[in-house]
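Please look through the sequence and the structure shown below before reading on. The report that follows describes how some of the parts are arranged.

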Amino acid sequence: MSNLRLRFPPSPTGKIHVGNIRTALFNWIWARKNNGDLVLRLEDTDAARSTREFEDFIIKELNWLGLDVDEGVGVGGDYGPYRQSERKDIYDKYINQLLEDEKAYKCYCSQVELDKMRDEQKEAGEIPHYDGRCRDAEDKDIEDYVVRFKMPFENEKIVVDDLIRGEVEFNSEEFDDFVIKKSDGMATYNFAVVIDDALMKISQVIRGEDHLSNTPKQIMIYKALGFDLPKFAHLPLILDENKAKLKKRSDDDAVYVGEFRRKGYLPEALFNFLALLGWSPGDQEEIMDKDEIVKKFDLTRVNKSGAVFDIEKLNWMNNQYIQSMDLNRLYDLSIPYLIEAGYIDSKDDIDEERLLKILDLTRDGLDYLEQLSSETELFFTEFEFEDIEAAKEEINDPEVKNVLNGLIKELNALEDFSSDNIKVVFNKVRKDTGVGGRKFYHPLRVALTGRSSGPDLVSFSEIMGKEEIINRLNKSLELITS
RNA sequence: GCCCUCAUCGUCUAGGGGUCUAGGAUACCAGGUUUUCAUCCUGGCGACAGGGGUUCGAAUCCCCUUGAGGGUACCA
């Protein structure tokens with residue numbers, strides 16, 4: 001029985017993006033692989049920006065990707081509460097302890113005073129930092145104060161022992177007396193995260209590299225309180241196309257998990273893709289399901305350098321999943337997109353057999369399900385020529401005319417309008433007219449669909465039915481006789 | 001500014017001193033699949049940031065430079 005305990009602690013101050021959820025994903029994989037527990041904790045100490053709505057988003061996306069948690073918000077557990085906003089008393093207890101031990105102190109400096117201090121330091125060519133002026137201040141009877149953590153006078157080496165990066169050294173003198181309790185009474189992130197991880201018995205802290213530089217501060221708190229240190233693992237960041245860290249509250253919708261869900265990316269494809277961002281199994285396999293990934297995953301094989309999120313490759317991967325997925329599942333998933341496109345009114349208003357054929361025929365051209373709108377348009381809208389002049393030019397040719405007339409005659413004679421039979425007819429007419437290859441198919445495509453590109457014409461014809469196909473052939477012929 | 005991290009094809013990556021004239025994937029290009037586009041198949045283009053060491057030998061180890069990213073908040 002393993003006692004590995006991991007956590008995913010998002011802050012509900014924005015929609016969750018692929019960078020955040022990749023951290024959740026690695027934690028989840030590692031937890032599952034080692035039979036450990038994954039805790040979901042909400043870091044909502046930023047009262048001004050945290051909302052319940054964002055909280056719901058996070059849980060929704062986690063569920064969608066299949067990242068179930070063992071403990072925490074929405075699940076419960078023995079180490080709650082799991083929202084930092086509900087743990088204020090706990091933080092206060094430890095802050096008071098530090099205050100009593102004189103490892104922390106109240107600071108009455110105003111924002112104005114702090115700004116002034118930093119400006120002066122900059123002008124004097126110094127590094128801006130809090131100078132500790134309130135360290136020995138008398139306790140004042142005013143509520144407007146913050147609590148600062150006392151960094152040691154003597155420089156001390158602080159070593160972060162990182163599972164991915166090895167030992168990373170810092171000097172304590174590089175840090176000033178940082179705030180652990182804000183003037184609104186709430187603990188700051190760097191303090192709360194330590195208390196929670198320690199009290200929740202988290203054994204490994206797997207998080208983004210953006211937290212690496214703050215880890216020494218947290219280690220100082222662990223030590224001041226006598227807590228055992230967890231193991232750390234700092235993951236490489238996922239970068240945007242400009243190679244910058246993905247931001248919460250980004251202007252670019254494209255990075256949000258909800259946006260991928262909405263556009264019709266499959267959760268298993270996004271899971272697969274994200275797992276490969278910063279990790280590689282070392283073999284040549286790329287398409288892997290969750291079980292395989294869990295089986296092959298190892299924290300020691302995680303990369304150190306940041307990875308650009310490449311939508312092109314995700315598209316390819318999602319397409320692979322769409323091509324190989326169960327057709328009935330594709331059917332179910334496609335309904336909302338077809339309704340959205342206005343092709344069907346409701347779930348009940350469908351020729352099931354026909355739709356299955358359409359989906360099977362068009363699925364290989366789909367990067368994501370939202371493209372169903374354009375990929376299946378042909379089957380749901382009135383026949384019309386995309387470019388009537390170009391169509392005329394294409395069809396106005398004696399040989400093409402022969403082909404179309406021949407097809408009308410032969411197709412009319414078909415009793416069973418199946419793709420096999422249609423194929424036979426196509427071949428026969430090609431032979432009879434002596435028109436083959438693209439000279440045969442391209443004008444025919446225009447004649448049947450009004451467009452110059454689209455799905456396989458044999459299957460297309462079967463789906464559209466005899467009457468419609470004959471109609472279209474006639475219409476196309478009229479185009480050049482009128 | 002200071003601190004930390006990182007550095008292989010455009011992108012994701014394999015590679016951990018000789019098997020590397022650097023492998024795979026994606027993207028792109030070309031040809032093929034007696035059907036344009038697409039799918040699929042085959043082939044092609046394309047990288048060890050630079051400079052010093054160490055070594056018989058370095059993409060691999062060390063140092064410097066450069067570049068990129070992160071942190072340095074009463075955000076998380």
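At what angle do helix H1 and helix H8 pack? Helix H1 and helix H8 (residues 267-275) pack at an angle of about 85°, and their axes are 10 Å apart. Axes here are lines fitted to C-alpha atoms, for helices over the stretch in contact, and angles run from 0 to 180 degrees between N-to-C directions. H1 is therefore roughly perpendicular to H8, since angles of 65 to 115 degrees count as roughly perpendicular, those under 35 as roughly parallel, those over 145 as roughly antiparallel and the rest as oblique.

This is a predicted model, in which local features need pLDDT of at least 70 and side-chain atom pairs count only at pLDDT 80 or more, while totals for chains, interfaces and linings use all residues. Residues are numbered from 1 along each chain as its sequence is written, and chains are lettered from A and ligands numbered from 1 in the order in which they are written. Helices (H or I, at least four residues) and strands (E, at least two) are DSSP runs, numbered from the N terminus.

Where the two helices meet, Val18, Arg22, Leu25 and Ile29 of H1 are in contact with Phe271, Leu274 and Ala275 of H8, contact being defined by C-beta atoms, placed from the backbone, that lie within 7 Å.

An open sheet of three strands runs in the order S1-S2-S3 with parallel pairing, where two strands pair if DSSP finds at least two bridges between them. Strand S1 (5-8) and strand S3 (71-72) stand at the edges with a single partner strand each, so one side of each is left without a neighbour in the sheet. S1 and strand S2 (residues 37-40) pair in the parallel sense over four bridges, and Leu40 in S2 is the bridge partner of Phe8. Helix H1 (residues 18-33) packs on this sheet and touches S1 and S2, its direction making about 160° with that of S1.

Most residues other than glycine have a negative phi, and most peptide bonds are trans.

The peptide bond from Gly80 to Pro81 is cis, with omega near -5°.
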